[in-house]
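Please read these points with the model open beside them. They are meant for someone who has not seen it before.

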Amino acid sequence: MSEGAAKKEEKPRKFQAIRGTRDLLPPETALWNRVEQTAHEVFATFGFGEIRLPIFESTDLFARAVGGETDIVSKEMYTFVDRLDDNPELWGKIKQFTARAKEQAPPPPNEGRGQMLLARPPADLKEQIPLLSLRPEATASVCRAYIEHNMQQLPQPVKLYYMGPMFRRERPQKGRYRQFYQIGAEVLGGSDAPAIDAEVIEMVMTFFDRLELQGVQLDINSIGCRECRPKYVELLRAALLKVKDKLGPDSQRRIETNPLRVLDSKLESEQAIIAKLPRIADHLCEECAAHYAAVKHQLEMRGVIYRENWRLVRGLDYYMRTTFEITAQGLGSQNAVCGGGRYDGLVELLGGPPTKGIGFAIGEDRLILTLQESGKAPVQQGRDVYIAWMGERAHATAIRAAKDLRKAGFSVELPPVEQKFGKALGQADKLGAKYALILGDNEVSEGLWTLKTLADGSQTKFTEPDLLEHLKKHL
């Protein structure tokens, strides 16, 4: 085969979305817009302002906030080295180290260069490497912004909400993607009054109610504070050691690393064992017990229905007291759509002043999926008016009519070229138009425009002002 023939047979590469990502298309995006607009509206009524955060941050921010030993930081973050054009000497050292590391021990298939550099270089080189990561969550970024912009000088507490994409390289599954979307809110500063916790929960429940989300269940718990939780953890560890041989390998490992995580186990064989373990609510200090009781009272005053779940915990040290989770029907075992809680030590951990904090994050992908499965997704929206014009004189009138109708808020389709009458009505029908505005020489000369109702085929002539009034009443 000649070289020319071979080139001719080559087919261009077919590009597809990267695994774990996807395109959001109409009409689905109409539902996304409705969900996000509802969040804007509801959160504003509770006095929250929107914050827009960078997509990537210093890797160390997430290592400190999320925990350097967690799967999120050690395995799932998309981490990369910032360009070092202005520091060729350091860049040379990094390339030398990377080359040697690959020769000595190639990274596992799921480990990117950023993780390799983060975990393995000598300490003196590691400190110099400017590692950046795509954000796996947003709470750390909000706290960083609170510190950086001296928001502690503002009237406290500062109430902020956000929405946008997050990134984690985990196994894609139903409602879970590598580029996923969150809607969240944080309250920073001021006191840790139980009413703040209750109002945050009330706000997110109001949001779900406005969306008519089905089968919503709120679970709450208190995980104590720095005084009482360590004592409970040791008590839990001792109880787990007595039944260690009956637990699976993951739970056995967690006995030493983080006993609270054993309570998250979904293994059927472990449920009866976990049910007999000590419960943290029975081991809260006096202040935490009073705070938890007050939070429950505040929720009852607001008419928020809840269920106590003693197994609802958070593994990181800066989480304390109130923790909550909201589930919805339709997602199987992975049915949580929102998680939140109090984290009074996080801002201080990131270099800021001692600051009270509480917040939540909603998995928007899973929320959308739940709304779709419950039949709450909007149907494809057609055009309000399709303008069927014929003749050059009518074209100028059609352009003006389209401008006036769009200004009045109607969805209008104006074909770019003249069409035969039958073809124009066929296209209007395909686009789901409710009306066809027919403009020809006669309509332009008489100043009477023909409006055809496509559902029943009826036609009526209107002056331009009367046409607008008719559409305002019927659309």
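How many residues does the largest nonpolar core have, and which have the most contacts inside it?

1. Basis. This is a predicted model, in which local features need pLDDT of at least 70 and side-chain atom pairs count only at pLDDT 80 or more, while totals for chains, interfaces and linings use all residues. Residues are numbered from 1 along each chain as its sequence is written, and side-chain values use heavy atoms, with hydrogens and water left out.

2. Cores. The largest nonpolar core has 94 residues, and Phe 43, Phe 207, Phe 208 and Phe 360 have the most contacts inside it. Helix α9 (residues 194-210) supplies the largest share of this core, 9 residues. Another core lies apart from it and has 18 residues, among them Trp 389, Phe 410, Val 412 and Leu 451. A nonpolar core here is a set of buried Ala, Val, Leu, Ile, Met, Phe, Trp, Tyr and Cys residues joined through side-chain atoms within 4.5 Å. Buried means under 20% relative accessible area, exposed over 50%, and partly exposed in between (1.4 Å probe, protein chains only).

3. Strand β4. Helices (H or I, at least four residues) and strands (E, at least two) are DSSP runs, numbered from the N terminus. In a regular strand the side chains alternate between the two faces of the sheet. In β4 (residues 131-134), Leu 131 and Ser 133 point one way and Leu 132 and Leu 134 the other, and all are buried. Two strands pair if DSSP finds at least two bridges between them. β4 is joined by 3 bridges to β2 (residues 56-58), antiparallel, and by 3 bridges to β3 (residues 79-81), also antiparallel. Leu 132 stands opposite Ser 58 and is the bridge partner of Phe 80.

4. Strand β5. Of the 10 residues of β5 (residues 158-167), 9 are buried, so the strand is largely enclosed by the rest of the structure. β5 pairs with β1 (residues 49-50) in the parallel sense over 2 bridges, with Leu 160 as the partner of Gly 49. With β6 (residues 179-188), β5 runs antiparallel over 10 bridges, and Pro 165 stands opposite Tyr 181.

5. Helix α19. Which residues of α19 (residues 464-474) are buried? They are Leu 467, His 470 and Leu 471. Seen down the helix axis, these fall within an arc of 95°, so they line one face of α19; the arc is that of the directions from the axis to the C-beta atoms. Pro 465 and Lys 473, on the other side of α19, are exposed. The cover over the buried residues of α19 includes β12, α16, β14, β15 and β16, where contact means heavy atoms within 4.5 Å.
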